Amino acid sequence: MKVVHTVEELRDQLRGQNRTAFVPTMGNLHDGHLALMKMAHQYGDPVVASIFVNRLQFGPNEDFDKYPRTLEQDIDKLQRQNHVYVLFAPNERELYPEPQNYRVNPPHDLGDILEGEFRPGFFVGVSTVVLKLFSCVQPKVAVFGKKDYQQLMIVRNMCRQFALPTEIVPHETVRETDGLAMSSRNRYLNEAERQEAPRMARLLNRVRERIRGGEHDLAGIEHDAQRELAAAGWQVDYISVRRQRDLKAPDAGQVQAGEPLVVLAAARLGATRLIDNLEIQSS
């Protein structure tokens, strides 16, 4: 695996390639990231991964300075996996050589709801860095995990709007054996919190089963799930059932037969904010 730190080095390595598959990350790699890279290897060659902790994605009270930077360990994991040909690990000046006067603003009806409501500007940061990385790598395919469901939709929307020649391939959420969605932030959980954390996935499964079982009162289902999570000591931002196609609430708050839905959740357990989701095919 080649490790490069500049755009010039990256382009030297990729010159003449037209089937590049790409997996952007912020590092601190876990098995979920590695699964994305394994999938990328099935869709293109060579596979490029990036590691860059993007300041624009972090709000003023979020954990940019604390975010774990584990480049040497990440390189070792990638070399042992043997799916990645080039790792692009730029510093901030390389990726943002000038003050950020140019930013990509997702449409408000997609970027300012759910995560966008609770993390203002987050998806501006995501869209800006992904567009810049796509410009550097010029991939044919890019793989994104479904755990960040809204992010996946925004990146797809951006590719469509800017006519980017990159196919966005989703990967199912990778979970621990107890159901907890893998995340770099799981390492912030203490022992008791780690035991409690799978409750979110269990609740989402219960929401899905209630809807599959024919219940139609989405507000009531959401309220029950939020109340149970709060009673267990979580600080809940949202548990919300939305349409898969646009993340809008179903018409009149009722389930329409056969409409693909997704239930999304975000809540803080102690000092750690966790997100998760499950897709639902209503009956």
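Helices (H or I, at least four residues) and strands (E, at least two) are DSSP runs, numbered from the N terminus. Helix H6, for example, covers residues 115-118 and holds Gly116. The model described here is predicted, so local features need pLDDT of at least 70, side-chain atom pairs count only at pLDDT 80 or more, and totals for chains, interfaces and linings use all residues. Residues are numbered from 1 along each chain as its sequence is written, and side-chain values use heavy atoms, with hydrogens and water left out.

The protein contains 11 helices and 9 strands. Its radius of gyration is 19 Å, close to the 19 Å that the globule rule gives for 283 residues, so the protein is as compact as a globular protein of that length. This radius is taken over C-alpha atoms, and the globule rule is 2.2 Å times the number of residues to the power 0.38. Along the principal axes, the C-alpha atoms fill a box of roughly 55 × 40 × 35 Å.

Of the 283 residues, 54% count as buried. Buried means under 20% relative accessible area, exposed means over 50%, and partly exposed lies in between (1.4 Å probe, protein chains only). The protein exposes about 13,900 Å², an area that comes from the Shrake-Rupley method with a 1.4 Å probe. Carbon and sulfur atoms supply 46% of this area. Contact means heavy atoms within 4.5 Å. Among contacts with a separation of 6 or more, 71% come from residues 24 or more positions apart.

Charged side chains number 36 positive and 38 negative. Lys and Arg count as positive and Asp and Glu as negative, while His and the chain ends are not counted. The centres of the two sets lie 2 Å apart. Each charge is placed at NZ of Lys, CZ of Arg, CG of Asp or CD of Glu.

Two residues share Glu279 as a partner. Lys146 sits in the loop between strand S5 (141-145) and helix H8 (149-161). Lys146 is buried, at 12% relative accessibility. A polar contact of 3.0 Å joins its side chain to that of Glu279. Such a contact is a pair of N or O atoms within 3.5 Å; within protein, one must be able to donate a hydrogen and the other to accept it, and residues adjacent in sequence count only if both atoms are side-chain atoms. Beyond neighbours within four places in sequence, Lys146 also touches Leu152, Pro170, His171, Glu172, Thr173 and Asn277.

Gln244 is the second residue, in the loop between strand S7 (235-243) and strand S8 (260-269). Its C-alpha atom is separated by 7.6 Å from that of Glu279, 35 residues apart along the chain.

Ser183 lies in the loop between strand S6 (167-171) and helix H9 (191-196). At 18% relative accessibility, Ser183 counts as buried. A polar atom of its side chain lies 3.1 Å from the backbone nitrogen of Arg185. Ser183 touches His30 and Lys147, not counting residues up to four places away in sequence.

Strand S6 itself contains Val169. Val169 is buried, with 4% relative accessibility. Its contacts, leaving aside neighbours within four places in sequence, are Met39, Tyr43, Val141, Ala142, Val143 and Phe144.

Most residues other than glycine have a negative phi, and most peptide bonds are trans. Asp45 and Pro46 are joined by a cis peptide bond, with omega about 5°. Pro46 is found in the loop between helix H2 (31-43) and strand S3 (47-51). Asn82 has a positive phi, near 70°, in the loop between helix H3 (71-81) and strand S4 (86-88). Asn82 is exposed, at 63% relative accessibility. Leu114 also has a positive phi, of about 50°. Leu114 is buried, at 3% relative accessibility, and lies in the loop between helix H5 (108-111) and H6.

Gly116 is in contact with Gly111, Phe123 and Gln150, leaving aside neighbours within four places in sequence. The C-alpha atoms of Gly116 and Gln151 are separated by 9.9 Å.
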